[in-house]
Amino acid sequence: MNKQYKLVRCTINGKERETMVDVRASLTDMLRNDFRLTSVKKGCEVGECGACNVLINGECFNSCIYLAAWADGKEILTLEGLEGPNGEISDIQQAFIDEAAVQCGFCTPGAIMSAVEILNEGRELSDEEIRIRMSGHLCRCTGYENIFRAVKKTMLKRLAAASGNRQGE
Amino acid sequence: MYDIKALYEAESIPDAVRLLQEHPEAQIIAGGSDVLVQIREGKRAGAELVSIYGIDEMRGVCLDGEGAIRIGSLTSFSHIAASPVIREHIPVLGEAVSLVGGPQIRNIGTIGGNTCNGVTSADSASTLFAWDAEVELTGPEGIRRIPIREFYIRAGKVDLKPAELQTAILIPKKAYEGYHGNYIKYAMREAMDIANLGCSVNVSLTGDKKTIRDVRIAYGVAGPIPMRAETAEKTARGREVNPETVKAFARAVLEDIHPRDSWRAAKAFREHIAVEMAKRALTTSITLAGGEIRE
């Protein structure tokens, strides 16, 4: 069989990158193998568990059921992209630690990227909305309640900081 | 890695038609949340794929010149739910597609893929049946438009001719104007699950809100393909808005549906909940339409 390749140019975690992908590759394969972004986990590989979740143009996608070839021209954000300039972790990652929303950690990067999509909206979501928006992740350590608390706490903190800034102006 | 023989990426609708003509064995891939999973399972392993995912002209919701709601076949479920046109004219479709899978699936899954795979449990399909939707198909001979009820042939089989693709779904103005609807999905989990039964109802009431001018009801998983329950519709059409009408309507669905036993649910159970879902969905639809059901 003749192998078929495609040159993919995209932005990954703020940097312009390019790589030649085998058209049979999933985006999970590309991110892990070509860029060593191992926060992108291989879980179910059929789009059910959410462990491979990344942001593409600001929206959440399970990268295991997304062809690497489709990433051409896209802006991709993985958990590694949340790292601060001096290697600091972000507020949402800290909240996951503080709320004990991490146990084995396998679902955590994917779950945090869903939280990032929510937090980027910059509005207050109801408890029900947060639960729905986080529902695409399976956590076998039964940490859903702690994950919910971490997301809600970070959302409220960011909103309070934003309104504090507005009042200061 | 997926077991894919070759991938051909279409850049436009004519390009897709040309690629499908050049590669008659190839299968269409839209968002891939069904096709890629089936390849992973081995069902479509070794397939040649024509990817239409990059055709942006097939995305978005708008009103066309005749006032019909036009949904590009590649519009994702989350974009349908967020569309101002959908929210204003047919909010129930946004609600129905918000029950598909989970958030990430709703970002990749497309309404065209949901209807073209011909599956009875598709959360969008029963609502599209209940609103007299039409599908636009583009192929080598040009464009044709057929009612969605004729598009479904049998389980897993839709009326796509060689080298043809579905390019839009339309809901004509006369099919949505003055109607209010409700969709109920019955499943074991609240997310990432497939419906045991889906029921979509909509009504149009007379000016005084006392009589049912028109009512439409459709089910998913009540048979091999999505279906309308016409006996129930006839039973309630033109009747006064009251509890007896609702009850008679709900009972009559059993004349139309023929669910089966499966590992998800027994036939008897599906029939039982079908009646209850018809009752609740009609009651909600009447309330949304401004009617009142007095005991």
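Visitor: Which residue follows α1(A), and what is its phi?
Guide: Arg36(A) follows α1(A), and its phi is positive, near 55 degrees. Helices here are DSSP runs of H or I with at least four residues, strands are E runs of at least two, and both are numbered from the N terminus. This is a predicted model, where local features need pLDDT of at least 70, side-chain atom pairs count only at pLDDT 80 or more, and totals for chains, interfaces and linings use all residues. Residues are numbered from 1 along each chain as its sequence is written, while chains are lettered from A and ligands numbered from 1 in the order in which they are written.

Visitor: Why is α1(A) called largely enclosed?
Guide: Helix α1 spans residues 27–34 of chain A, and six of those eight residues are buried, so the rest of the structure largely encloses it. Buried means 20 or more other C-beta atoms within 10 Å of the residue's own, exposed means 12 or fewer, and partly exposed is in between, with C-beta atoms placed from the backbone.

Visitor: Which ones are buried in α1(A)?
Guide: Leu27(A), Thr28(A), Asp29(A), Met30(A), Leu31(A) and Arg32(A).

Visitor: And what covers them?
Guide: The cover includes β2 (15–22) and β3 of chain A.

Visitor: Back to phi. What about Asn13(A)?
Guide: Asn13(A) is not a glycine, yet its phi is positive, near 50 degrees. Asn13(A) sits in the loop between β1 (5–12) and β2 of chain A. It is partly exposed, with 18 other C-beta atoms within 10 Å.

Visitor: Where is Ala100(A), and what is its phi?
Guide: Ala100(A) is in the loop between α2 (91–98) and α3 of chain A. Its phi is positive too, near 55 degrees. Ala100(A) counts as partly exposed because it has 13 C-beta neighbours inside 10 Å.

Visitor: New topic. What domains does chain A have?
Guide: Domain 1 covers 5–81 and domain 2 covers 91–168. The bounds come from an automatic or database domain assignment. Taken over C-alpha atoms, the centres of the two domains of chain A are 22 Å apart.

Visitor: How do chains A and B touch?
Guide: 26 residues of chain A are in contact with 20 residues of chain B. On the chain A side, β4(A) gives the most, with four residues. That side has 10 nonpolar, nine polar and seven charged residues.

Visitor: What scores does the predictor give the complex?
Guide: An ipTM of 0.95 and a pTM of 0.95. Chain B averages a pLDDT of 96, and 100% of the residues score at least 70. pLDDT is the predictor's confidence in each residue, from 0 to 100.

Visitor: How many residues are in the largest nonpolar core?
Guide: 143. Such a core joins buried Ala, Val, Leu, Ile, Met, Phe, Trp, Tyr and Cys residues through C-beta atoms within 7 Å. Val50(B), Ile52(B), Tyr219(B) and Ala278(B) have the most contacts inside it. Helix α3 (residues 108–120) of chain A gives the most to this core, with seven residues.

Visitor: What does Ile52(B) touch, leaving aside neighbours within four places in sequence?
Guide: Ile52(B) is in contact with Ala10(B), Ala16(B), Ile28(B), Ala30(B), Met58(B), Leu74(B) and Leu165(B).

Definitions and conventions
Two residues are in contact if their C-beta atoms, placed from the backbone, lie within 7 Å. Ala, Val, Leu, Ile, Met, Phe, Trp, Tyr, Cys and Pro count as nonpolar, Asp, Glu, Lys and Arg as charged, and the others, Gly among them, as polar.
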